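Trainee: Could you walk me through how to read this model, feature by feature?

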Amino acid sequence: MKLTHWPLRLATGAFILNSGLGKRTLEGEAAAGMHGMAVGAIPQLKQFEPDRFAKLLSRSEIALGAALLTPFVPSLFAGLGLAAFGAGLVQLYLKTPGMREPHSLKPSEAGIGLAKDVWLVGAGLTLALDSVTHRRRR
């Protein structure tokens with residue numbers, strides 16, 4: 001892993017790991033609310049019960065955060081995982097009613113928290129693309 005990848009991997013990895021750890025005990029109404037919002041954007045998630053969905057999301061965030069923080073995980077793979085995770089959150093932003101101003105991509109006040117996740121896509125793609133182009137230069 002390149003030294004220049006560390007700040008990006010450390011910042012995003014620590015944030016995502018913390019988010020996943022915070023969701024470990026999520027159940028009941030909180031899990032149902034999160035599940036309902038996710039199903040609105042990705043209908044296939046309806047097949048999971050809300051508590052199971054919350055546990056899967058928690059474990060996925062923990063795994064992604066740990067991968068980003070682990071030096072022997074190649075930046076290509078960590079970056080692709082981060083980009084995919086961010087893309088799911090951007091989809092949630094785009095498909096959830098009330099997150100955007102009418103007829104616009106501009107976030108509403110309620111949507112700012114999700115709209116910012118586009119940075120995760122950019123960060124993940126930067127790690128992945130830099131890894132691929134770095135190999136070609138050698």
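**The pocket and its lining**

Mentor: Start with residue classes: the lining of the largest pocket has 18 nonpolar, four polar and four charged residues (Ala, Val, Leu, Ile, Met, Phe, Trp, Tyr, Cys and Pro count as nonpolar; Asp, Glu, Lys and Arg as charged; the others, Gly among them, as polar). Keep in mind that this is a predicted model, where local features need pLDDT of at least 70 and side-chain atom pairs pLDDT 80 or more, while totals for chains, interfaces and linings use all residues. Numbering runs from 1 along each chain as its sequence is written, and side-chain values use heavy atoms, leaving out hydrogens and water.

Trainee: How is a pocket defined, and what volume does the largest pocket have?

Mentor: On a 1 Å grid over the protein atoms alone, a pocket is an open set of points where a 1.4 Å probe fits, with protein on both sides within 12 Å along at least five of seven lines; lining residues have an atom within 4 Å of a point. Volume is the space filled by probe spheres set on the points, which are joined across faces, edges and corners. Here the largest pocket comes to about 600 Å³. Its lining has 26 residues, and L57, E61, F85, L89 and L92 lie nearest the centre.

Trainee: Which helices supply at least two residues each to that lining?

Mentor: Those are α1 (6-22), α2 (28-41), α3 (50-69), α4 (75-95) and α5 (112-115). Helices (H or I, at least four residues) and strands (E, at least two) are DSSP runs, numbered from the N terminus. The whole chain has six helices and zero strands.

Trainee: What about the nonpolar core: how many residues are in the largest one?

Mentor: As a general idea, nonpolar side chains in soluble globular proteins tend to be buried together. A nonpolar core is a set of buried Ala, Val, Leu, Ile, Met, Phe, Trp, Tyr and Cys residues joined through side-chain atoms within 4.5 Å. In this chain the largest core has 22 residues, and I16, L64, L68, L82 and F85 have the most contacts inside it. Two or more residues come from each of α2, α3, α4, α5 and α6 (118-137), with α4 giving the largest share, six residues.

Trainee: If I zoom in on L64, which residues does L64 touch?

Mentor: Contact means heavy atoms within 4.5 Å. Skipping neighbours within four places in sequence, L64 contacts I16, A78, G81, L82 and F85.

Trainee: Which residues of α4 are buried?

Mentor: Buried means under 20% relative accessible area, exposed over 50%, partly exposed in between (1.4 Å probe, protein chains only). The buried residues of α4 include L76, L82, F85, L89 and Y93. Over the chain of 138 residues, 36% count as buried.

Trainee: Where do H103 and S108 sit, and are H103 and S108 buried or exposed?

Mentor: H103 is in the loop between α4 and α5, and S108 is in the loop between α4 and α5 as well. With a relative accessible area of 87%, H103 is exposed, whereas S108 counts as buried at 15%. Beyond four places in sequence, S108 contacts G98, M99, R100 and E101. For a backbone check, phi of H103 is near 60 degrees, a positive value in a residue other than glycine.
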